[in-house]
Amino acid sequence: MWFFKKISLAIFLPILLFIFCQNAQPKIDGTAQIQPVSQAKNLPENQKIDDLKEDLNYLTGKFDPEKHPDFVKIGEPWANKPGMILRREAFEAFKKMWFAAKKDGVKLNIISSTRNFQKQKTIWEGKWSRFSKTHPDQVARARKILEYSSMPGTSRHHWGTDVDLNDLTNESFSKGGKNEKVYEWLLKNAAEFGFGQPYTAGRPTGYFEERWHWSYLPLSKPFLKKYLAEMDDSKISGFAGAETAMEIGAVKNFAGGVSAKMFED
């Protein structure tokens, strides 16, 4: 009897170990990893403002995301250039969306991701200087820049939750444009993976429509609520033209001038 038990273990133990190891191996085919964000593990569910560890320095981009433990590098094939980073949760959800889009013949390419205060300041002040002759009045100049670019300290790109995809013109995502199918696919499917378009058409305030800008809502919704609860125009400073924020109402009209879906629970 002992002999037969020994033989049985010698035969079946390697088989059991092989099955276990196969199941433990990570899937290398990205399409096998696709699952809606609502089913994914380790993602924030119904985050409340009081639960957030992110303070106002974080929400206004006054930190180094490259040294932040919750941020990861993205790179190819997800992005069109090296050096871009995102919040880990947002990137994991984006990868699932990327594979789902690829399966449907749609290519998603991140062309801009996280920008801290300093990077946004560089963008803003470049435009502030460039528009100085055509818009000598400072408030008019700020409004011109605010058509598509945020004041430093008010950008959703500070949070590591938002990405710009494929192109930076609405025409490209419109009928007949090279990204027409991309936009149609995102409108139909992005919500399954937690993404939404903050700057839709028809809003009464805020930036112009941006069909390329998509936000990871499980994080950006609670971030936005906390930002609006704690931030006001008097705290906007540190760059050329910052004093125009009070007259324009930058926090309410621009940071808060997003699609109503950005506030839904």
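**Exercise 1.** Which element supplies the largest share of the lining of the second largest pocket?

*Solution.* The structure is a predicted model, in which local features need pLDDT of at least 70, side-chain atom pairs count only at pLDDT 80 or more, and totals for chains, interfaces and linings use all residues. Residues are numbered from 1 along each chain as its sequence is written, and side-chain values use heavy atoms, without hydrogens and water.

Step 1. On a 1 Å grid over the protein atoms alone, a pocket is an open set of points where a 1.4 Å probe fits, with protein on both sides within 12 Å along at least five of seven lines; lining residues have an atom within 4 Å of a point.

Step 2. Strand S3 (110-112) and helix H4 (117-130) each give at least two lining residues. H4 supplies the largest share, 4 residues.

**Exercise 2.** Describe the volume and lining of the second largest pocket.

*Solution.* Step 1. The second largest pocket holds about 500 Å³ of space. Of its 28 lining residues, Ser112, Arg115, Ile123, Asp164 and Leu168 are the closest to the centre.

Step 1. By class, the lining comprises 10 nonpolar, 11 polar and 7 charged residues.

**Exercise 3.** Identify the residues of the aromatic cluster, and the charges that sit over rings.

*Solution.* Step 1. Rings of Phe, Tyr and Trp (its six-membered ring) pair if their centres lie within 6.5 Å. The whole structure contains 21 aromatic pairs; Tyr58, Phe63, Phe71, Trp159, Phe223 and Tyr227 form one cluster.

Step 1. A charge sits over a ring if NZ of Lys or CZ of Arg is within 6 Å of the ring centre and within 35 degrees of the ring normal. Lys62 places its charged end over Phe117, 5.1 Å from the ring centre; for Arg130 over Phe131, the distance is 5.4 Å.

Methods. Phe/Tyr/Trp six-rings, centres within 6.5 Å; stacked < 30°, edge-to-face > 60°. Points joined across faces, edges and corners; volume = space filled by probe spheres on them. Nonpolar A, V, L, I, M, F, W, Y, C, P; charged D, E, K, R; others polar.
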